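Here is my note on this entry, point by point. Please read it with the structure open.

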Amino acid sequence: MADENKQPKIDPLKGRQGVHAATRDYINLIEKQNLYRVSELVKHRRRTNITGLSLFGLVIGIYTYTIFAVKQEKFLDDFEEPKFVEKKQ
C-alpha cells in the first residue's frame, strides 16, 4: 500500500539519451561547475567554523582569566569601614 504512493525512481542518464550532444555537454559543464562551487562552499564553511571556534575559545579564555584574576584580589578583604567621630556640641 505504501509502495503505491511512492514516485518511481528515475535515472538521470536515461533521459539524456534523446538530448542533443551539445546540450549534454552543456549539462555536464554545469554539473562540474556546480560540484566545484559546492566544494568551495564546504571549504569556506570549514574555515568559518574554525574561526568561530577559535574566537569562542579566546573569549572563554579571557573570561576565565578575568574571573580567576578577580578572585585573587585581596585588597577589599582587609577593608575596614572608617570610624565616625561624634562631634561634640
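**Notes on the predicted model**

1. The UniProt annotation "transmembrane region", from an unreviewed entry, covers residues 50-70. The model is a predicted one. Over residues 50-70 the chain is 100% helix and 0% strand. The end C-alpha atoms of this stretch are 30 Å apart.

2. Which helix holds Ile30? Ile30 lies in helix α2, which runs over residues 21-72. Tyr26, Leu29 and Ile30 make a nonpolar surface patch. The patch has an area of about 290 Å².

3. Ile30 has a relative accessible area of 35%. Patch residues need over 30%, so Ile30 passes that cut-off with its 35%. Ile30 counts as partly exposed.

4. How many salt bridges does a search of the whole structure find? The search finds 1. The side chains of Lys43 and Glu40 meet in a salt bridge, at 3.6 Å from N to O. The cut-off for such a contact is 4 Å, so the 3.6 Å between Lys43 and Glu40 falls within it.

5. Where do the two partners sit? Lys43 and Glu40 both lie in helix α2. They are 3 residues apart, about one turn of the helix.

Notes. Residues are numbered from 1 along each chain as its sequence is written. This is a predicted model: local features need pLDDT of at least 70, side-chain atom pairs count only at pLDDT 80 or more; totals for chains, interfaces and linings use all residues. Side-chain values use heavy atoms; hydrogens and water are left out. UniProt positions are given in the numbering used here, feature names are shortened, and annotations may be inferred rather than shown by experiment. Helices (H or I, at least four residues) and strands (E, at least two) are DSSP runs, numbered from the N terminus. Patches are made of residues with over 30% relative accessible area and no salt bridge: like charges are joined within 9 Å, nonpolar side chains (Val, Leu, Ile, Met, Phe, Trp, Tyr) within 5 Å. Accessible areas come from the Shrake-Rupley method with a 1.4 Å probe; for residues, only the protein chains shown count as cover. Buried means under 20% relative accessible area, exposed over 50%, partly exposed in between (1.4 Å probe, protein chains only).
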